[in-house]
Amino acid sequence: MQKHWWHKATIYQIYPKSFMDSNGDGIGDLKGIISKLDYLQKLGITAIWLSPVYQSPMDDNGYDISDYEAIADIFGDMADMEELLVQAKKRGIRIIMDLVVNHTSDEHAWFIEARDYPDSPKRDYYIWRDQPNGLTSAFSGSAWEYDDLSGQYYLHLFSKKQPDLNWENEELRQSIYDMMNRWIDKGVAGFRMDVIDLIGKKPDQEITGNGPKLHDYLKEMHQASLLDKDLLTVGETWGATPEIAKQYSNPENQELSMVFQFEHIGLLFKPDAPKWDYAEELDVSALKAIFTKWQTELELGQGWNSLFWNNHDLPRVLSSWGNTGSYREKSAKALAILLHLMRGTPYVYQGEEIGMTNYPFVDLSQVEDIESINYAKEALEEGQSMESIMDSIRKIGRDNARTPMQWDAGLQAGFSNATKTWLPVHPNHQEINVEAALSHPESIFYTYQKLIALRKEEDWLVDADFKLLETAEKVFAYQRSTGDKTYLVVVNLSDEPQPFELDLHWKETIISNTEESAVLESKQLQAWDAFCVVL
Ligand code: GLC
Ligand code: CA
């Protein structure tokens, strides 16, 4: 198998509005990111996945782009972007851009022309129909919006301000590849491709994900923009199975480096229920089965995994799988050890490395996310109580991931000098913040730092195979073996002690959040014990 830099990389995701505000307007920006590169270098990451910083009316915080080749004023300008590339490179950090090409903003010049001049060739860049069908928007309601001027409807699988692009139009596809090439020429190291599995849609058949031409388009894109450039490309693909993930990521297919699959994330939700109807109890056995399936089915050379707990669309992992009380630090380390020692490229979402948690939203006035706001409106109309709506938002709303990064214990957590930030700062910043984490050698930060360093140094993390071991239900234990060495990873995913009866003896400890020798003697794991040893 040909090895690429991203096989041994850990990627750090930045949500620009919430990372660091340099000019006191309460919103994070590019200069803010530049000022924190030393911190990221200390953490040891190889690359940043930068959520969108392009020009945008910010209906969906930048996932609604009005110009792919300009920077949003709130974030700075193109000179700041170029400075970020330079400063990151100096520190050995690459920049991966978010590529949002399933849709644009309705304020993009293409859409304005398409709407205002129905005869323009740009009309066909979008999807227009005389009659709506049953397709619904991910942000509630119909996916079709009526346009007065032409008497037609346009498709928007997300907000009304995010009209879907028509990938069947060849000229549109070429414009996208050209735009990607200009970013590559600027020095970006790859792309995270937003909802990329939707671009092959067949709206008339109500097919959205995994449409018939999806892989043709990705192959075409690869030839036009990615070939032989050693970039990292990761597709956001909610509906991927291991089979589908191999289609994308098998190097022979020349499509993408890897995809984000969300099967483990699916456990947060009730099966076959609306997203907001979250699962009351999390199923650890199912989590083990899902990780095992992906680890074993994406065989080396035939596919590649991404590994993640968090992103800007998901609740904080400590508030779901972890413990936000007295085991906060220990459970955060356990979850990190569990994830980072599997095969794949790990992603760390800003704040995860210091154990940030969900925000205690009290009412809708504190909520900014269009998905949550639209859900609340619809649910209220349907007669749901405000209490149950806020309960869902607190549990799984996307703003949980988007509150400002907690840099120190001071005002606005050191994120901004503004009296009001765009989303409120979590009150727990007095305890949970970067400054505190850096000053404690035992903090979560240093576990992440160690895992990230291991990823760079240790070939077995790429090469070794994976085997799940039979243990108590709440214990996740797996072995990774190469020809001559076997590594054992053991994690207690619970607040209670668990039996550990495997008769194993080890020579060397790789990483641990506990006294792992006590486990052998007592044949017991304490709450959230986690370690990796060489057998
Ligand atoms: C992706 C993004 C999400 C966004 C949506 C529409 O799922 O991660 O934040 O709202 O696509 O672009
Ligand atoms: Ca700012």
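Student: Which of the 14 residues around ligand 1 come nearest?
Tutor: D60, D194, E236, H312 and D313 do, where near means a heavy atom within 4 Å of the molecule. Keep in mind that this is a predicted model, with local features needing pLDDT of at least 70, side-chain atom pairs counting only at pLDDT 80 or more, and totals for chains, interfaces and linings using all residues. Residues are numbered from 1 along each chain as its sequence is written, chains are lettered from A and ligands numbered from 1 in written order, and side-chain values use heavy atoms, with hydrogens and water left out.

Student: What does D60 do with ligand 1?
Tutor: One of its polar side-chain atoms sits 2.5 Å from a ligand 1 oxygen, a polar contact (N or O atoms within 3.5 Å). For E236, a side-chain N or O atom is 2.8 Å from an oxygen of ligand 1. H312 has a polar side-chain atom 2.9 Å from a ligand 1 oxygen.

Student: How much of ligand 1 does the protein cover?
Tutor: 97% of the 310 Å² of accessible area that ligand 1 has on its own (Shrake-Rupley, 1.4 Å probe).

Student: Switching topic: which residues coordinate the calcium ion?
Tutor: D21 (OD), N23 (OD1), D25 (OD), I27 (O) and D29 (OD) coordinate ligand 2, at 2.3 Å. Donors are N, O and S atoms within 2.8 Å of a metal, or 3.2 Å for Na, K and Ca. Their sequence spacing reads D-x1-N-x1-D-x1-I-x1-D.

Student: Is I27 buried or exposed?
Tutor: Buried, at 15% relative accessibility, whereas D25 is partly exposed at 35%. The cut-offs are under 20% for buried, over 50% for exposed, and partly exposed in between.

How values were computed:
Polar contact = N/O pair within 3.5 Å; in protein donor to acceptor, adjacent residues only side chain to side chain. Buried < 20%, exposed > 50% of the residue type's maximum accessible area, 1.4 Å probe, protein only.
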